[in-house]
Amino acid sequence: MKITNLFHTVLASVFLLMLSACNKGKDDFLYKGDMLPVTIKGYNGDTHDLQIKLDTFRFGNDIPSGPFDMSEAYIFPENRSRAKLSITEKGTGKIVLEKELKKEDSPAKISFFYMNGKASDMPEVPTLEAGKIKVKYMFKPTLTNYTEPVDIVLGKYYWTPKVFEELARIKNAKPYEFSDAVDIPTFPTTGQQYNGQNTLVSFVVYIYKAGTKQFYTDQLGYTWHATSSTAPKPASTVASAKLYIFSEFVTGGNIRFNKDLEL
């Protein structure tokens, strides 16, 4: 009986020691300070990856080229209520953005657009309006390295008799800069006629040399497919307001376009 009581006493002592250690660990964790949720989103249009630090701590993964949206939690050290956020180019160390984050600002949300070595606010999307398609663009001629302004032309392509009808034109859009916004009415793509003949219709967006009806790729060795060589665009049947960044690629000699960003 004495042996049994001794065993129970030892077991109870071990349990209390374990409970005390667990509670101590819990208190130590809570003692580290408040947690600050941080969200960073935007678009990196540069060739350099970007690195993020909060004070001396690395924040998440590097930001590659393209759109990004990342979240992390930062624990303030004891007796601290502020942290320095710094975003730099990987390899060069160039400062892209610096910001002081405060505990009372929780949750922290940072949004920025980075291109050509400059950080700015994310561009504004056109305002949605019933019955209209509104778009604005940034054209990145990464394949052809085209440097002249272009006209971005929205229109209908009638499959019979293979005719393009221009609806609206963004004039003198400069490569790597945001264009003005343009709008057209929504329209159906089926049940349409051209000169009394039934036909399918495609919504297409062509890129012309500024002030002309010539594709900007003329004399550059690339051909233009009537319906596949189109800049990104929304559906033609539903009202929308969009911003697109797009770049080039080629398939079978035909120019094509990547949708790098859609807002």
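The model is predicted, with local features requiring pLDDT of at least 70 and side-chain atom pairs counting only at pLDDT 80 or more, whereas totals for chains, interfaces and linings use all residues. Residues are numbered from 1 along each chain as its sequence is written, and side-chain values use heavy atoms, with hydrogens and water left out.

**View 1. Overview of the protein chain.** The secondary structure comprises 1 helix and 17 strands; helices (H or I, at least four residues) and strands (E, at least two) are DSSP runs, numbered from the N terminus. Of the 263 residues, 37% are buried, a term that denotes under 20% relative accessible area, with exposed over 50% and partly exposed in between (1.4 Å probe, protein chains only). Among contacts (heavy atoms within 4.5 Å) with a separation of 6 or more, 63% are between residues 24 or more positions apart.

**View 2. Surroundings of Thr217.** Thr217 has a relative accessible area of 1% and is therefore classed as buried. Apart from neighbours within four places in sequence, Thr217 is in contact with Tyr222, Trp224 and Ile255.

**View 3. The largest nonpolar core.** A nonpolar core is a set of buried Ala, Val, Leu, Ile, Met, Phe, Trp, Tyr and Cys residues joined through side-chain atoms within 4.5 Å. The largest such core has 31 residues, of which Tyr137, Val150, Ile152, Ile207, Tyr216 and Phe257 touch the most other members. At least two residues of this core come from each of several strands, including β9 (132-140), β10 (150-158) and β11 (163-173). The most is given by β15, with 7 residues. A second, separate core of 22 residues includes Phe59, Phe76, Val96 and Tyr114.

**View 4. Contacts of Ile152.** Beyond the neighbours within four places in sequence, Ile152 is in contact with Tyr137, Ala168, Arg169, Ile170, Ala173, Val205, Tyr206 and Ile207.

**View 5. An open sheet of 4 strands**. The strand order is β12-β9-β16-β17, with mixed pairing; two strands pair if DSSP finds at least two bridges between them. β12 and β17 are the edge strands, each pairing on one side only. On average, neighbouring strands of this sheet are turned by 40° against each other, direction ignored; axes are lines fitted to C-alpha atoms, and angles run from 0 to 180 degrees between N-to-C directions.

**View 6. Pairing of β16 with β17.** These strands run antiparallel and are joined by 8 bridges. Phe246 stands opposite Lys259 in β17.
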